[in-house]
Amino acid sequence: MGIFSNIYNKIFHHASDAAPAATPAAATDAPAAAAPAAAPAVAAPLVDVEVVLVDLASKNAETLNWRTSIVDLMKLLQLDSSLASRKELAQELHFTGDTNDSASMNIWLHRQVMIKLAENGGKVPEELKN
């Protein structure tokens, strides 16, 4: 599993853990044979990434600037935020710049992570994708 997958899973699993109990009940109202196995993936609710991250930040003892910092975002999600880990994420997301220029890479990574979260079912405010 890649680093982006870890980021995605931390956010989306937190959202599903915090989801209201009505969501699973609604799924059980329909007959099991009526929906194909792929239907739940298509009908998955949109996850508000900002709400999840704000919730996680409110429970974190450390003040983290997850809105602009990939390092702080990874720390908030309790993931390895080392330079080696960020270089691996950069490779995974096809960064074409110089990975030794960590400032530029970090800015690019944060933006790309937010864009990828939005592309994969996350509701991400525009200011986090720019």
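Lys129 lies in helix α8, which spans residues 126-129; helices here are DSSP runs of H or I with at least four residues, strands are runs of E with at least two, and both are numbered from the N terminus. The model is a predicted one, in which local features need pLDDT of at least 70 and side-chain atom pairs count only at pLDDT 80 or more, whereas totals for chains, interfaces and linings use all residues. Residues are numbered from 1 along each chain as its sequence is written, and side-chain values rest on heavy atoms, with hydrogens and water left out.

### The chain as a whole

The protein chain contains eight helices and two strands, and read from the N terminus its elements follow the order α-α-α-β-α-α-α-α-β-α. Of its 130 residues, 34% count as buried, a term for a relative accessible area under 20%, while exposed stands for over 50% and partly exposed for values in between (1.4 Å probe, protein chains only). The chain exposes about 7,800 Å², of which carbon and sulfur atoms supply 56%; these areas come from the Shrake-Rupley method with a 1.4 Å probe, and for residues only the protein chains shown count as cover. When contacts (heavy atoms within 4.5 Å) are taken between residues at least 6 apart in sequence, 53% of them join residues at least 24 apart.

### The nonpolar core and its helices

The largest nonpolar core holds 32 residues, and those with the most contacts inside it are Ile11, Leu53, Leu89, Val113 and Leu117. Such a core is a set of buried Ala, Val, Leu, Ile, Met, Phe, Trp, Tyr and Cys residues joined through side-chain atoms within 4.5 Å. At least two of its residues come from each of α1 (3-18), α4 (49-58), α5 (70-76), α6 (83-92) and α7. Once residues up to four places away in sequence are set aside, Ile11 touches Val47, Val49, Val52, Leu53, Leu77 and Leu117. In soluble globular proteins, nonpolar side chains tend to be buried together.

Helix α7 (residues 102-119) has 18 residues and reaches 25 Å from its first C-alpha to its last, close to the 26 Å expected at 1.5 Å a residue; the expected span is 1.5 Å times one less than the number of residues. Its buried residues include Trp108, Leu109, Val113, Met114 and Leu117, as well as the residues Asn106, His110 and Gln112. After α7 comes Gly121, whose phi is positive, near 100°.

In α4, the buried residues are Val49, Val52, Leu53 and Leu56. Seen down the axis of α4, these residues fall within an arc of 95°, so they line one face of the helix; the arc is taken over the directions from the helix axis to the C-beta atoms. Val51 and Ser58, on the other side of α4, are exposed. At the start of α4, a side-chain oxygen of Asp48 comes to within 3.3 Å of the backbone nitrogen of Glu50.

| Residue | Relative accessible area | Class |
|---|---|---|
| Lys129 | 18% | buried |
| Leu128 | 4% | buried |
| Val71 | 18% | buried |
| Gln78 | 67% | exposed |
| His94 | 63% | exposed |

Leaving aside neighbours within four places in sequence, Lys129 is in contact with Arg111, Met114, Ile115, Ala118 and Val124. Leu128 also has its place in helix α8, and under the condition of leaving out neighbours within four places it is in contact with Trp66, Arg67, His110, Arg111 and Met114. Although Leu128 and Thr68 are 60 residues apart in sequence, their C-alpha atoms are 7.5 Å apart in space.

Val71 belongs to helix α5, where, not counting residues up to four places away in sequence, it touches Ser81, Arg86 and Asn106. Val71 and Arg86 are separated by 15 residues in sequence and by 8.1 Å in space, C-alpha to C-alpha.

Most residues other than glycine have a negative phi, and most peptide bonds are trans. Gln78, however, has a positive phi near 60°, and the phi of His94 is also positive, near 65°.

Terms used
A polar contact is a pair of N or O atoms within 3.5 Å; within protein, one must be able to donate a hydrogen and the other to accept it, and residues adjacent in sequence count only if both atoms are side-chain atoms.
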